[in-house]
Amino acid sequence: MNAVDATSITQRFGKITAVDDVSFTVREGELFGFIGPDGAGKTTLFRIAATLIIPTGGRMNLFGLNVVSDFRELRNHIGYMPGRFSLYTDLTVEENLQFYATIFGTTIHENYYLIEPIYKQIEPFRKRLAGRLSGGMKQKLALSCALIHKPRILILDEPTTGVDAVSRTEFWEMLEGLKREGITIIVSTPYMDEALRCDRIALMQQGKLMGIDTPAAIRSSYGKRIYAVSHRDRYRLLLALRAMTEAVGPEPFGEAVHITLREGASVEDVKKSLERAGLEGAEATEITPGIEDVFLGLMNRSESLKV
Amino acid sequence: MKRFMAFVRKEFLHIFRDFRTLIILFGIPAAQILIFGYAVRTDLKDAGIAVLDNAGDGVSKELTQKIEASEFFYVKKHLNSYEEIDEAFRQGEIKAVIIFPGQIAASVAREGSATVSIIADGSEPNTASLVTGYITGIVSDYSSSLTSAVTSSLPLIVPEVRMYFNPGLESHFMFIPGVITLILILICALMTSVTIVREKEYGTMEVLLVSPLKPWQIIVGKVTPYFFLSLVNVIVILLMAWFVFGLPVRGSIPLLIAECMLYILLGLAIGILVSASTSKMENAIFISFLALMLPTLLLSGFIFPIENMPVIYDYVSMILPPRWFVEIIRAIMIKGAGFAYIWKETAILAGMTLLLMVISSRRFKTRLEEEGK
């Protein structure tokens with residue numbers, strides 16, 4: 001049985017279509033990621049999965065239970081972490097955890113083994129008010145609370161937004177630990193590097209699914225060679241690349257600018273054009289495409305289709 | 001049940017950790033009782049007056065003494081001429097001037113009658129009519145004593161007035177039931193709507209909805225603490241009324257408490273309804289204040305008698321729960337009436353409560369409201 005079966009999910013808010021004909025499946029025990037810019041429809045999709053919104057169209061089942069008709073039963077099995085911090089800031093760490101344990105009909109003790117690796121890091125602060133925790137600790141507490149009833153599926157909406165880099169890494173290590181416990185996890189993130197840690201990822205933009213595959217397969221399916229071009233004066237380099245016809249879709253990435261080549265053009269043509277523009281000594285090397293390249297490529301393709 | 005109790009416990013923690021909530025719950029009721037009880041008075045006590053005594057004879061002096069001997073007035077100023085009257089009023093320290101004409105004693109003795117002028121400060125109409133009423137009373141009292149002493153002829157018909165239920169005409173009798181009415185509806189409706197909307201605003205409602213808690217458990221769990229705290233409030237107010245203002249409950253206390261419970265439930269139902277119609281705390285506060293505080297103050301008969309209003313307001317006030325509750329609580333506290341006298345009002349309140357509960361439980365959603373982005 002699949003953990004998630006979504007068929008043609010559509011959600012409209014008035015005239016806006018937040019989620020547009022989205023279909024996907026998530027296998028049990030899978031760590032499934034959604035990436036996409038703000039407003040792509042990830043939060044809406046997650047709320048539908050968490051039984052919080054009835055979709056305008058389409059069906060979604062979790063473990064064979066329908067998110068609309070079987071929501072009562074389903075709510076026992078879902079651990080949901082909304083996008084913004086939503087614990088009680090005026091209760092202590094321990095009181096929050098205790099509260100969620102009780103309303104889910106369990107005790108902290110019963111499922112302690114599950115949250116232990118996460119909770120023991122914040123346990124020294126268990127008498128502290130949740131509102132006074134740092135961003136990373138808040139996320140750990142929120143995850144502990146979402147996990148305390150041993151859900152079969154965790155739905156995490158941008159859990160690492162606004163969290164420092166070290167805590168982000170720790171958080172993903174925890175997710176991998178939970179995956180080993182057999183918990184299915186669907187998670188959204190705006191960070192491409194986090195997407196690489198998922199078993200499979202879905203790329204979302206403007207309510208549509210652009211593609212689903214493993215990170216490696218998505219990268220290899222890109223099908224075009226990507227070059228990283230660099231020069232001291234990155235700003236002028238970017239302008240020059242945008243102006244020329246040989247390079248397609250220049251996007252700045254760290255120190256370099258990533259481009260693909262127009263059909264029939266070569267790296268040498270690009271270098272020559274740059275020299276003519278007064279940018280001597282620019283370096284251009286072929287690289288393996290990353291998730292971001294693929295994503296931006298997919299976005300560009302859909303935009304050019306519209307035009 | 002265990003889940004429910006955990007919820008109630010959590011709610012109590014919220015209340016006791018939030019200083020502002022505590023102030024609203026307990027500080028404001030106590031302050032209102034004291035303010036309404038002491039500061040806002042409609043009875044008269046120690047009002048300053050001025051006397052322009054053109055006679056300076058036995059009658060004018062005796063009458064002045066009589067007026068001053070009452071606990072209502074004291075003579076702030078003795079004026080010497082008509083010109084000073086205007087100035088005295090403008091200074092604002094006096095509420096009225098009493099003018100005795102020259103040779104008032106002689107006039108009484110010769111003609112059996114005389115005139116005393118009273119000029120009151122009409123910029124405060126309520127006080128002015130009270131002041132003139134009281135002074136007129138004292139003057140006619142004195143004049144009848146003169147009549148009997150001097151002429152001892154025909155007996156005059158003297159009305160003897162007694163205020164039933166409230167012999168001293170004390171305004172606490174009017175205000176304390178009113179304040180209970182106002183405070184209960186404000187606290188219940190305001191606090192519950194704010195506490196429910198706060199969960200929405202902080203995003204915790206999202207998590208609660210995903211939990212196996214049923215909507216009624218969430219709602220009842222949220223309002224239960226306020227039900228008990230409101231009851232505590234009622235008891236505190238009644239004790240204050242008794243010890244500070246000497247206003248005992250003449251009727252049955254269990255009946256009074258039961259009626260208060262009904263009214264509290266009504267307030268909570270209004271709060272739940274308000275919370276279902278907005279997801280912003282400011283809106284909840286605004287709606288509660290505007291829709292509840294003002295009508296309660298103005299149209300419940302708490303300050304302004306409904307009988308004196310145009311008929312249309314009478315009908316409007318009928319849909320306001322406070323109107324009925326003010327009547328109930330006055331009947332029990334001051335008249336000592338039993339249930340037989342207030343069953344109609346009670347039935348109306350019970351009906352309103354039921355209706356509001358049905359509406360608000362229908363409007364509470366098991367899912368998120370569709371937020372247009």
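In the predicted model, helices α1(B) and α9(B) cross with right-handed geometry. Helix α1 of chain B covers residues 2-17, and its axis comes within 8 Å of the axis of α9(B), the crossing angle being roughly 45°. Because angles under 35 degrees count as roughly parallel and those from 65 to 115 as roughly perpendicular, α1(B) is oblique to α9(B). On the α1(B) side, the contact is made by B:R3, B:F4, B:F7, B:V8, B:E11, B:F12 and B:I15. The α9(B) side supplies B:Q217, B:G221, B:K222, B:T224 and B:P225. Sorted by class, the residues of the contact of α1(B) with α9(B) are six nonpolar, three polar and three charged.

Helix α9(B) also packs against α10(B). The helices involved are α9 (residues 215-245) and α10 (residues 253-276) of chain B, whose axes come within 10 Å and cross at roughly 140°. Since only angles over 145 count as roughly antiparallel, this value makes α9(B) oblique to α10(B). The crossing of α9(B) and α10(B) is right-handed. From α9(B), the contact draws on B:I219, B:V223, B:Y226, B:F227, B:S230, B:L231 and B:V234. From α10(B), the residues are B:I257, B:C260, B:M261, B:I264, B:L268 and B:I272. The contact of α9(B) with α10(B) comprises 12 nonpolar residues and one polar residue, with no charged residues. In the contact of α1(B) with α9(B), by comparison, three charged residues are present.

The contact between the chains was examined next. Chain A contributes 27 residues to this contact and chain B contributes 24 residues. On the side of chain A that touches chain B, the elements giving two or more residues are β2 (16-27), β6 (78-81) and α3 (93-103). Of these, α3(A) gives the most, with four residues. By class, this side of chain A holds 16 nonpolar, six polar and five charged residues.

At the level of domains, chain A is assigned domain 1, spanning 2-214, and domain 2, spanning 224-288. The centres of domain 1 and domain 2 of chain A, taken over C-alpha atoms, are separated by 40 Å. The elements β2 (16-27), β6 (78-81) and α3 (93-103) of chain A, listed above for the contact with chain B, have residue numbers within the bounds 2-214 of domain 1.

Terms used: Residues numbered from 1 in each chain as written. Chains lettered and ligands numbered in written order. Predicted model: local features only at pLDDT ≥ 70, side-chain atom pairs only at ≥ 80, totals over all residues. Axes fitted to C-alpha atoms, helices over the stretch in contact; angles between N-to-C directions. Left-handed = near helix turned anticlockwise from the far one by under 90°. Contact = placed C-beta atoms within 7 Å. Nonpolar A, V, L, I, M, F, W, Y, C, P; charged D, E, K, R; others polar. Domains from an automatic or database assignment.
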